[in-house]
Protein chains: 2
Amino acid sequence: MVSPSFESLRQAAARVQDLADAMSVLSWDQETYMPPGAIAARAAQLGTLSGMHHRMLAEELMPLAQQLLAQVDSLPAQVQLNVRQLHRQLTKTLKLPEALVTAMATATAEAQHAWEQARAANDFAQFAPHLQRILDLKHEEAECYGYQSERYDALLDSYEPGMTATQLDGTFANLQDQLVPLIQELAQRPQVDDSFLYQPIAQDRQWAYGLGLLEQLGWDTRHGRQDISAHPFSIGIHPSDVRITTLVKETDLMAMVYSTLHEFGHALYERGLDAEHRGLPQGEACSLSIHESQSRIWENNVGRSLPYVQHQYGAIAALYPDGLRGRTALDVFRALNKVAPTPVRIYADEVTYHLHVILRYRLERQLLDGTLAVADLPQAWNDTLHELLGIWPANDAEGVLQDVHWSIGALGYFPTYSLGSLYAAQFWAQACQDLPTLEAQLAAGQFADFRGWLHRHIHSQGRLYDSEALCQRITGQGLQVSYFMDYIRAKMAVVYA
Amino acid sequence: MVSPSFESLRQAAARVQDLADAMSVLSWDQETYMPPGAIAARAAQLGTLSGMHHRMLAEELMPLAQQLLAQVDSLPAQVQLNVRQLHRQLTKTLKLPEALVTAMATATAEAQHAWEQARAANDFAQFAPHLQRILDLKHEEAECYGYQSERYDALLDSYEPGMTATQLDGTFANLQDQLVPLIQELAQRPQVDDSFLYQPIAQDRQWAYGLGLLEQLGWDTRHGRQDISAHPFSIGIHPSDVRITTLVKETDLMAMVYSTLHEFGHALYERGLDAEHRGLPQGEACSLSIHESQSRIWENNVGRSLPYVQHQYGAIAALYPDGLRGRTALDVFRALNKVAPTPVRIYADEVTYHLHVILRYRLERQLLDGTLAVADLPQAWNDTLHELLGIWPANDAEGVLQDVHWSIGALGYFPTYSLGSLYAAQFWAQACQDLPTLEAQLAAGQFADFRGWLHRHIHSQGRLYDSEALCQRITGQGLQVSYFMDYIRAKMAVVYA
């Protein structure tokens with residue numbers, strides 16, 4: 001039998017990806033403009049399309065991947081990487097029966113809607129049966145994938161290939177052991193005033209400022225757009241069509257600014273993917289943690305740096321009714337980096353943030369191994385928050401109901417947020433070495449060199465290497481917690497000087 | 001072999017329809033919010049999905065339809081109608097090879113974008129190669145379908161099952177023979193002043209007024225939305241998710257109002273379709289002409305009636321800077337029904353409108369039988385417009401480039417607009433008989449009875465009968481030009497009193 005060409009695989013993958021693109025449009029629409037009464041129809045549409053997509057992977061892509069794998073040693077190096085990685089991914093994905101994929105898509109479309117309503121009503125009971133349904137399906141999913149020591153690993157591996165809870169335990173213990181004393185130490189210092197940031201600013205002025213920020217960063221409106229949604233997100237429908245959403249709250253300009261920078265980082269990654277290899281490892285994002293490194297590096301390493309704040313200072317001051325009278329760029333920088341425990345993860349500072357992730361990581365493992373029941377989750381949430389951060393949430397809306405993730409079936413996902421921060425710090429250190437004038441460029445509002453660096457080292461590399469291998473290639477070593485701790489200690493030395 | 005149940009057909013049809021729904025979302029997105037640089041990706045997505053949809057019709061739906069057809073006489077009457085109609089539709093649709101369906105979806109997504117740009121630039125040459133490509137594909141399509149006397153019939157039949165150009169020739173000759181003298185006669189009368197309608201009104205006030213109109217008519221925002229697009233349209237993604245778009249021009253409030261009423265009529269039909277039988281004749285719109293009857297009946301028979309104008313008069317007067325000082329509801333009614341040739345179809349009055357349709361009908365037949373070349377189309381357009389209406393367009397943007405239809409491959413479509421007006425007049429006469437207080441209800445802003453009448457007689461009937469049979473069932477006779485002519489003559493007697 002004549003073996004198929006890589007070109008035939010490439011074309012088949014693009015066709016399968018067309019269907020994935022369509023699902024992305026449906027998801028984006030659901031979160032932005034879809035009339036609320038259409039939710040049941042949308043759940044059915046996404047269920048059917050997910051099932052078809054799964055079948056196409058099995059019937060169209062897998063046979064080609066298998067045939068190419070059989071003669072892989074004779075192929076060019078990059079093609080070898082594509083074929084091996086694709087075959088590995090498909091082997092895992094196709095362990096799921098189509099019925100489970102369809103059921104999950106339908107259940108999560110419905111659950112996401114229920115979560116929005118439950119959060120608005122501060123009523124966990126409205127969401128509980130949906131969460132139970134998703135947990136049941138996730139149990140099933142984990143059993144299909146298989147795992148060595150615990151069910152959680154099977155799900156974690158979907159977001160962070162090769163990672164296990166045992167490895168995470170080490171990383172998180174390392175982080176927690178350093179962060180908890182640091183938080184306690186900072187709490188003893190004279191406190192930073194950030195109250196001047198929370199003044200009412202008209203939503204349309206905020207919106208215009210956010211769009212202006214995007215343009216400064218190099219956002220291309222021919223290939224992207226920004227809208228309003230309940231929970232800010234970014235979505236890459238195609239490298240030529242990336243979209244982000246934001247929230248605008250009258251008394252919290254900075255929430256909009258930093259969620260915009262965050263989603264910009266994600267969207268820039270999607271925009272930089274190789275459109276010629278859509279649906280193949282070469283054209284896909286590496287992993288969730290590397291994706292998150294791209295949002296964090298723009299939000300925190302760039303956005304919350306002193307040079308960037310200095311660059312934005314004049315524009316920010318002009319937005320405030322009192323012109324931030326007397327407050328300097330350094331004051332704004334310090335206010336933006338203030339460390340103070342809060343019950344809501346997305347408002348957390350860079351230091352306490354990881355304890356929010358550790359909370360979710362603990363509870364998800366317990367939900368999955370059956371030692372925690374859905375009914376007991378709100379209390380467990382509150383107790384763990386208090387243990388880790390010393391505070392209680394005011395209610396379930398800002399406690400157990402705060403995150404969209406469980407409603408979309410994203411169990412095993414949260415650790416990638418912390419890993420993303422760690423990778424961001426390590427990449428940032430490398431970028432500062434490779435681009436010696438980087439900080440001066442930020443202060444001057446010049447971002448092209450840094451975008452180029454990210455594209456060269458990360459965006460254009462797709463998923464040909466796993467996170468750890470990519471990090472090795474870029475920085476010469478695997479992931480180290482020390483880069484993040486050095487970065488955060490240096491920053492805190494200025495913030496709490 | 002055990003025959004499949006109707007229930008299994010119903011479920012399969014719903015699944016196939018999920019994919020069609022997804023394509024509708026992609027089309028809606030393309031016309032509203034999609035970043036312009038994503039057009040190539042969108043064309044590929046729609047191409048792939050169209051091909052898959054076609055294959056599902058062939059591989060999943062047709063075998064079930066064939067098996068049920070073999071024992072159709074033993075089935076309940078309504079199921080018989082569904083099975084026979086579905087089989088007829090599928091037999092026609094499946095004459096097209098999948099490659100042609102995919103090619104058409106891709107070509108039209110690209111052509112629609114090119115048309116928008118060509119129209120904005122007033123440059124037919126930009127659109128010509130796309131039109132040629134679509135004509136080539138339409139030739140191929142017509143040959144696949146087959147036809148008795150001319151290629152045009154094969155395409156017309158897709159929009160208006162059973163209709164032929166020969167039949168249309170008769171209807172159009174009848175219309176033209178009565179309308180041309182009427183237009184000439186009205187031109188001799190003292191002219192109606194409508195200049196007071198064209199005053200600047202802020203776009204946001206117009207937009208709010210348009211949404212208010214929709215609410216008065218019974219629009220359900222839980223299941224519908226309105227947006228802005230280059231060309232107003234309506235789309236039924238699902239009976240629970242219907243969307244319309246409009247255009248707002250500062251100096252033309254009435255263009256927005258009447259396109260809103262028009263699209264509302266289409267959307268109400270889609271909203272009223274039987275969701276339990278999606279993808280089956282029982283859950284589909286009857287035909288394009290019946291669909292158009294629903295938009296026309298709201299736009300013209302309701303919206304341009306004296307009782308409705310009287311109901312809206314106060315709200316309209318409040319929008320105008322000068323409060324329409326001295327102008328009465330009757331003056332507004334007369335202005336809204338003024339007859340005056342214009343080069344642009346969508347701005348045409350109810351009388352001259354049909355000559356625009358006849359123009360397109362003539363040119364399309366010539367394009368399809370090869371007697372008119374694309375390069376000669378702009379001149380032919382202008383000459384025919386002058387022959388029929390005695391005017392010339394200022395340029396191609398308001399001439400040959402004015403309509404979206406050819407760019408989306410809708411050849412054979414235009415006649416359904418005129419047929420829609422004729423059906424609307426005939427249905428309206430029947431509704432006035434069945435609901436003796438209908439005009440008084442309109443004057444009081446009460447629309448529930450009329451909505452109920454439409455739902456009972458038309459929306460809920462789906463596609464179980466063809467247009468002519470449906471008209472028979474509702475009015476006791478097939479389509480008659482006389483109802484429209486009686487309606488228009490009665491109206492003109494008041495307008496030009």
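A salt bridge here is a side-chain nitrogen of Lys or Arg within 4 Å of a carboxyl oxygen of Asp or Glu. By that rule, six salt bridges cross the interface of chain A and chain B. One of them joins Arg42(A) to Asp241(B), with the closest N and O atoms 3.6 Å apart.

Before going on, a word on what you're looking at. This is a predicted model, where local features need pLDDT of at least 70, side-chain atom pairs count only at pLDDT 80 or more, and totals for chains, interfaces and linings use all residues. Residues are numbered from 1 along each chain as its sequence is written, chains are lettered from A and ligands numbered from 1 in the order in which they are written, and side-chain values use heavy atoms, with hydrogens and water left out.

**Where the chains meet**

Back to the interface. Count 12 residue pairs in polar contact between chain A and chain B, both residues at pLDDT 80 or more. (A polar contact is a pair of N or O atoms within 3.5 Å; within protein, one must be able to donate a hydrogen and the other to accept it, and residues adjacent in sequence count only if both atoms are side-chain atoms.)

On chain A, the elements that give two or more residues to the side touching chain B are helix H1 (6-32), helix H2 (39-69), strand S1 (224-228), strand S2 (234-238) and strand S3 (241-246). Helices (H or I, at least four residues) and strands (E, at least two) are DSSP runs, numbered from the N terminus. H2(A) gives the most to this side, with 10 residues. Sorted by type, the residues of the side of chain A that touches chain B are 16 nonpolar, eight polar and 11 charged. For that sorting, Ala, Val, Leu, Ile, Met, Phe, Trp, Tyr, Cys and Pro count as nonpolar, Asp, Glu, Lys and Arg as charged, and the others, Gly among them, as polar.

The contact (heavy atoms within 4.5 Å) takes 35 residues from chain A and 35 residues from chain B. Together the two chains bury about 2,700 Å², 62% of it on carbon and sulfur atoms; buried area is the accessible area (1.4 Å probe) that two parts lose on being put together, summed over both.

**The sheet in chain A**

Chain A has three strands in an open sheet, ordered S1-S3-S2, with mixed pairing. S1 and S2 of chain A stand at the edges with a single partner strand each, so one side of each has no neighbour in the sheet. On average, neighbouring strands are turned by 20° against each other, direction ignored. Two strands pair if DSSP finds at least two bridges between them, and here are some of the pairings:

| Strands | Sense | Bridges |
|---|---|---|
| S1(A) and S3(A) | parallel | five bridges |
| S2(A) and S3(A) | antiparallel | four bridges |
| S2(B) and S3(B) | antiparallel | four bridges |

Zooming in, Gln226(A) has Ile244(A) in S3(A) as its bridge partner. H1(A) packs on the sheet, touching S1, S2 and S3 of chain A, and its direction makes about 145° with that of S2(A). Such angles run from 0 to 180 degrees between N-to-C directions, with axes being lines fitted to C-alpha atoms, for helices over the stretch in contact. A hairpin joins S2(A) to S3(A) through two residues, and His238(A) has Asp241(A) as its bridge partner in S3(A).

**The sheet in chain B**

In chain B, three strands form an open sheet in the order S1-S3-S2, with mixed pairing. Its edge strands are S1 (224-228) and S2 (234-238), each pairing on one side only. The twist averages 20° from one strand to the next. Helix H1 (residues 6-32) of chain B packs on this sheet, touching S1, S2 and S3, at about 145° to the direction of S2(B). Helix H8 (residues 203-217) of chain B packs there too, touching S1 and S3, and its direction makes about 155° with that of S1(B).
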